[in-house]
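Hi,

Here is the structure I promised to send over.

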Amino acid sequence: MKFFNLLMTLLITTCLLSCEKKSDSTNQEKEIRNKESTPGSDLSLKEQLAQRARQSAHKTPSEKRKIMIQAIEDLKTSQVMKSALRKGDKMPHFRLRNPQREPITSKKLLEKGPIVLVFYRGGWCPYCNLQLRDLQKNLDAIKAQGAELVAISPESLEAAGDTVSKQKLGYHVLSDQYGAVGKEFGLMFKLPKDLISVYKDFGIHLDKTNQTKKWELPLAATYIVDQKGVIRYAFVEADYKLRAETTEIIKELAKLNKP
């Protein structure tokens, strides 16, 4: 009987150890999958964007992907890439409203310090949201350089408010509903018809989100503007999957502050 009890104890202990190892292995696999599927806070913005692009390429039907790729290639050689403001240009002054319908002016912002100005496409854009969240994560570091952070999109005030709420943003988010400011920066472009069809298939309706009949978007652009209104850093890209690295923005602000 003692031998039987000892044998049963050994079997139960072996089974428990095996189950624990299997559970640990399963948890590790889950952690790996989660890290691969969801951009982690420990990743740089560039890595997060690349990760999202790989996921999107895997899910998007090839025909739709071809249309999207071609639209980017056409945009690279378009007039808008030539007209976009660059480093050394003077920033056009703007007056836009935030979701609380308060007017925000570049003149008042520049009185406080330099401006980090980000043009994003809308809260429906996952790449924009990655950038907006990464900026929020580094907001204290940006403010520590004395800068004001401003994000502008053609979203309506209501849609901009939803973006602020969903992404939990604590900086200026302004509505350039008709793209007037985006045009002054030379960033606005019209979407081709085949791309509009692709967007609609994805459930993206700019006419509703922006509350205009225009299917226009700004280039993915980030500017650093000094207190004299001069653009000291410019990231302007036709490929919306690429954005200015937040850590680079902070480094450029630090350079700006050097005597």
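Contact here means heavy atoms within 4.5 Å, and helices (H or I, at least four residues) and strands (E, at least two) are DSSP runs, numbered from the N terminus. It's a predicted model, so to speak of local features we need pLDDT of at least 70, side-chain atom pairs count only at pLDDT 80 or more, and totals for chains, interfaces and linings use all residues. Residues are numbered from 1 along each chain as its sequence is written, and side-chain values use heavy atoms, with hydrogens and water left out.

The helix pair first. In α2, Leu45, Gln48, Leu49, Arg52, Ala53 and Ser56 meet Pro126, Tyr127, Leu130, Gln131 and Asp134 of α6. By type, the residues of this contact are six nonpolar, three polar and two charged (Ala, Val, Leu, Ile, Met, Phe, Trp, Tyr, Cys and Pro count as nonpolar, Asp, Glu, Lys and Arg as charged, the others, Gly among them, as polar).

How do the axes lie? Those of α2 (residues 45-59) and α6 (residues 126-137) come within 10 Å and cross at roughly 160° (lines fitted to C-alpha atoms over the stretch in contact, angles from 0 to 180 degrees between N-to-C directions). The two helices are therefore roughly antiparallel (over 145 degrees).

Among contacts between residues at least 6 apart in sequence, 71% join residues at least 24 apart.

Cheers

Key
Parallel < 35°, antiparallel > 145°, perpendicular 65-115°, else oblique.
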